[in-house]
Structures are given as structure tokens and as C-alpha cells.
Amino acid sequence: MTSKIAFTASRADVAQTARAALVTRYGNVDVQEADVIVALGGDGFMLQTLHATQDHPAPVYGMNRGTIGFLMNAYAESDLPARLADAEEEVINPLVMIATCADGSTTKALAINEVSLLRTGPQAAKLRVTIDGRLRMAELVCDGALLSTPAGSTAYNYSAHGPILPIGSAVLALTAMSAFRPRRWRGALLPQDATVRFDVLEHDKRPVMAEADAQSVMDVTSVEIRSEPSVAHRILFDPGHGLEERLINEQFT
């Protein structure tokens, strides 16, 4: 039986052209009716699609019409039903961020890749780090810090010299960006079920923003982050090209 496919695409011309060709060839259904969702674009659009469809049971199969395409499969117009039938599934649990701002408001957001804190003024941020209710670092002076999932460990985390995490490791990476004090601190590996809290010290003088994937919150005073096992993103990859293989390969290139 042929799968019912919902095609989505980024606004880029190359992605829209690909969607038109695939819809003409294979048809198209609404996301609510789909057995599988095919996302055409880059990694940013893949993250948007996963967030937008997290309440739908259909898995998402990405085809790269962007730049890097770490979360995507190679683009090809032919043999799509066979590729979908043979695809391997990875299940990813996102992080949930609860950010409290200076005005007392709170924002809750999910992040598939990472939650990051970044200074927004000329001076370095000062952060207090608490894990599972236990103070671990009274003062981290840095440009920022982030908590990354294994799926996101090759993105912002890797650029900040954080470790690449195997998908099945049940570990999160806590990574500092340009740490001034402790100068030699290289971050930490934490259990997946850990709850991490950042308190922003001297927030009036050293303002900080928080970001969950692409959702930004300005002027935060504290940010609490934990894994959200109740949300499961299903991603499909061509055989031999799943996230586990990509994460291993990334360390040898």
C-alpha cells in the first residue's frame, strides 16, 4: 500500500521547485491525513517542521534543499515510495526550557538541538549553575552557555568546542562559550534526566538572552532546562545514513 505523503518546503526557490515536482509525481495530502511528512529544505526548516508537527503521529523524512543538511537525506525525485518504505527511524526527545524574565514573566519552549544563553551587552555574562537542585558552579563568567541534546551536538555545541554525543548515549552536553572564569573549564556531560538551572547574576549590568532552537527570550534572570520524554520526534533516514552513523562520521572528517 502506498503511503499518503504530505510535502512541506522552505520558502527557498529550490525547495519550492522540488515540492512542485514531487507533488505532481506523487500527489499530496494534508499533514493531518499523512502517513509520512516529507520536508524539503535545510536543517533549520527540518527543525521548524518537527516543531510544527510534533502533535501528529506521522514521521518526518527530510530531503536536502538547503546547505548542510545534517538532519536531511539526499534529494532525488525518483523512487521516493521505495526510499520511504526502507527508511530507518530515529526517535528524539527535545529539551524543555522555562525562562524567567526580569519583569517576572515566564516563557516555556521546546528545543530539539539545544537551549543556549547568550550575553546581549558589552560585558561577559555571569551565570550560577545548579544541577538537580545542587549548586555546581557559583559563578561562570562567559559569553554564553548551552545545553545540547545528542541530535544537536554537532550544531552550535560543536562550534563552541563541545563534544559530539552518540544518539543512544542518554547524555546531555553542558558547554560554555568563551569561558573567562574558570578559564580552563571545558564543560560537562550530564545524564539525560538531569535538570539544569542557570541563574543570571548582575542581570541589570550583564543582560542575557535565552534561545530554544530559534525561539528567543530577552532579559532572562533564570532558565531551567530538562529533557521532555513525553514529546517524541520521529525522523526517517535512508539505510546506513542515520543519525548514529552521521555523528560517528563527523568525528573522522
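This is a predicted model: local features need pLDDT of at least 70, side-chain atom pairs count only at pLDDT 80 or more; totals for chains, interfaces and linings use all residues.
Okay, let's start inside helix α2, where the buried residues are Phe 45, Met 46, Leu 47, Thr 49 and Leu 50. By buried I mean under 20% relative accessible area, with exposed being over 50% and partly exposed in between, using a 1.4 Å probe and protein chains only.

Residues are numbered from 1 along each chain as its sequence is written, and side-chain values use heavy atoms, leaving out hydrogens and water.

So what covers the buried residues of α2? The cover includes β1, β2, β3 and β17. The helix lies across those four strands and runs at about 150 degrees to β2. For angles like that, axes are lines fitted to C-alpha atoms, for helices over the stretch in contact, and the angle runs from 0 to 180 degrees between N-to-C directions. Contact means heavy atoms within 4.5 Å.

Those strands belong to an open sheet of five, in the order β1-β2-β3-β17-β4, with mixed pairing. Two strands pair if DSSP finds at least two bridges between them. At the edges are β1 (5-9) and β4, each pairing on one side only. From one strand to the next, the twist averages 30 degrees. Helix α1, residues 13-26, also packs on this sheet: α1 touches β1, β2 (36-41) and β3, and its direction makes about 165 degrees with that of β1.

Now look at β17, residues 233-237. Is this strand mostly covered or mostly open? Mostly covered: four of its five residues are buried. With β3 (residues 60-64), β17 runs parallel, joined by two bridges, and Tyr 61 stands opposite Leu 236 there. With β4 (residues 88-92), β17 runs antiparallel, and five bridges join the two. On that side, Val 91 stands opposite Arg 234, and Ile 92 has His 233 as its bridge partner.

Next, the other sheet. Six strands make an open sheet with antiparallel pairing, in the order β12-β11-β10-β7-β14-β15. Here β12 (188-191) and β15 (215-217) are the edges; each has a single partner strand, so one side of each is left without a neighbour in the sheet. Neighbouring strands are turned by 20 degrees against each other on average, ignoring direction.

On to pockets. On a 1 Å grid over the protein atoms alone, a pocket is an open set of points where a 1.4 Å probe fits, with protein on both sides within 12 Å along at least five of seven lines; lining residues have an atom within 4 Å of a point. Points are joined across faces, edges and corners, and the volume is the space filled by probe spheres set on them.

The largest pocket holds about 420 Å³. Of its 20 lining residues, Asp 43, Gly 44, Leu 47, Asn 113 and Asp 213 lie nearest its centre. Our helix α2 is back: α2 gives the most to this lining, with five residues. By class, the lining has 10 nonpolar, six polar and four charged residues. Nonpolar covers Ala, Val, Leu, Ile, Met, Phe, Trp, Tyr, Cys and Pro; charged is Asp, Glu, Lys and Arg; the others, Gly among them, are polar.

The second largest pocket has about 170 Å³, and its lining includes His 161, Arg 183, Trp 185 and Arg 186.

Which bond joins Arg 181 and Pro 182? A cis peptide bond, with omega about -5 degrees. Pro 182 sits in the loop between β11 (171-177) and β12. Asp 132 has a positive phi, near 50 degrees, without being a glycine; its place is the loop between β8 and β9 (134-142), and Asp 132 is exposed at 51% relative accessible area. Glu 202 has a positive phi too, near 55 degrees, and counts as partly exposed at 38%.
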